[in-house]
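Open the model in your viewer and keep the sequence panel beside it. The stops below are given in the order in which to select them.

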Amino acid sequence: MQILPTVAELRAWSRTTQRSGATVGLVPTMGALHAGHLSLVRAALTQGDRVIVSIFVNPTQFGPNEDFARYPRTFDADCALLEAEGVEAVFAPAIEEMYPSGAATFVEVEGLSGRLDGQSRPGHFRGVATVVAKLFAATEPTRAYFGQKDAAQVAVLRHMVADLLLPVELFVCPIVREADGLAMSSRNRYLSATERADALALSRAIQAGQSAFAAGQRTTEAICAAARLELTRSSAVRVDYVALVDWTTLLPAEQARAGDLLAVAAWLGATRLIDNCILGD
Ligand code: AMP
């Protein structure tokens, strides 16, 4: 497995690979890899792509009081996992490689960027869209793979790809969960034992909303209330949002329909976690 630290090496690898007739699948990550990330790699391999994973903790998607400095960095373990999966190359740039001095161009998907996590984390989706646009420009992948875990991010990136006419196909993979239902996340490792137990409130909230929909409930408020009830059972859980939205626009759904996105975000101590489902899935 090749480790590529520069855009020039990444571009050369991708072009050589594609000239040989192969397709390139890009899996963008921030590292601290778990089975959720590996499911994206496997999806890419299943499509027949030669797979490149980027590992880059992107500073522009973190707010000033967020966890950029302490975000887990486990590069050697990540590479061992990826090599075992059959990944061919890892793009692991320094910050200056992605943001050369004087970098002044950002990608903002207006409207969408301010909804859901974008409302709680101003500037977050601007950072995400910017870094993913750069990764696409540098890699020129045939396909790129993202997790439904970050469903609002998916909506933002789909919109960006359409608006900027980017020649890449986005694939969205299901949420991978721990055995007890907690959505896998690099941030789960921040949780204390009691926070880890309380964090189950998120997946329970999602299940409660999904069950209400399955039982015939179509009122947005009632579905959100069912989810919120689970989140508020433990006083250790601080709700950020509970929302039922159209997955394309991220605007509130008037009436719940199959395909709508039920999303929650909550704090366990200093750790913010998210979870979601697509109604009817
Ligand atoms: P991150 O390293 O957190 O930026 O995540 C990189 C990619 O992995 C994103 O597309 C995430 O949506 C995806 N991902 C993270 N956690 C999961 C999960 N539990 N299941 C599926 N995909 C995930």
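The model is predicted: local features need pLDDT of at least 70 and side-chain atom pairs count only at pLDDT 80 or more, while totals for chains, interfaces and linings use all residues. Residues are numbered from 1 along each chain as its sequence is written, and side-chain values use heavy atoms, with hydrogens and water left out.

**Domains**

Colour residues 2–173 as domain 1 and residues 186–276 as domain 2; these bounds come from an automatic or database domain assignment. The C-alpha centres of domain 1 and domain 2 are 26 Å apart. Where the two meet, 26 residues of domain 1 are in contact with 19 residues of domain 2, contact meaning heavy atoms within 4.5 Å.

**Cores**

Next, select Ile52, Leu116, Phe136, Met160, Leu250 and Leu261. These have the most contacts inside the largest nonpolar core, which has 46 residues. A nonpolar core is a set of buried Ala, Val, Leu, Ile, Met, Phe, Trp, Tyr and Cys residues joined through side-chain atoms within 4.5 Å. Buried means under 20% relative accessible area, exposed over 50%, and partly exposed in between (1.4 Å probe, protein chains only).

Which helix gives the most to this core? Helix 6, residues 124–139, does, with nine residues. Helices are DSSP runs (H or I, at least four residues), numbered from the N terminus. Both domains take part: the core draws at least three residues from each of domain 1 and domain 2.

Centre on phenylalanine 136. Leaving out residues up to four places away in sequence, Phe136 touches Leu26, Pro141, Ala144, Phe146, Met160, Val161, Leu166, Val168 and Leu170. Apart from this core lies another, of 26 residues, among them Leu191, Leu200, Cys224 and Leu273.

**Two residues of helix 6**

Select threonine 130, which is found in helix 6. Threonine 130 counts as buried because its relative accessible area is 2%. Its side chain reaches the backbone nitrogen of valine 107 at 2.8 Å. That is a polar contact: a pair of N or O atoms within 3.5 Å, where within protein one must be able to donate a hydrogen and the other to accept it, and residues adjacent in sequence count only if both atoms are side-chain atoms. Beyond four places in sequence, Thr130 touches Tyr99, Thr105, Phe106 and Val107.

Move to valine 128, also placed in helix 6. Valine 128 is buried, with a relative accessible area of 2%. With residues up to four places away again left out, Val128 touches Asn58, Gln61, Gln153 and Leu157.

**Cysteines**

Show the cysteine sulfurs. How many disulfides are found in the whole structure? The search finds zero, a disulfide being a pair of cysteine sulfur atoms within 2.5 Å. For cysteine 173, the nearest cysteine sulfur, that of cysteine 277, is 17 Å away. Cysteine 173 is buried, at 7% relative accessible area.

**Ligand**

- Methionine 30: a polar backbone atom is 2.9 Å from an oxygen atom of the ligand.
- Glycine 147: a polar backbone atom is 2.9 Å from a ligand oxygen atom.
- Aspartate 150: a polar side-chain atom lies 2.6 Å from an oxygen atom of the ligand.
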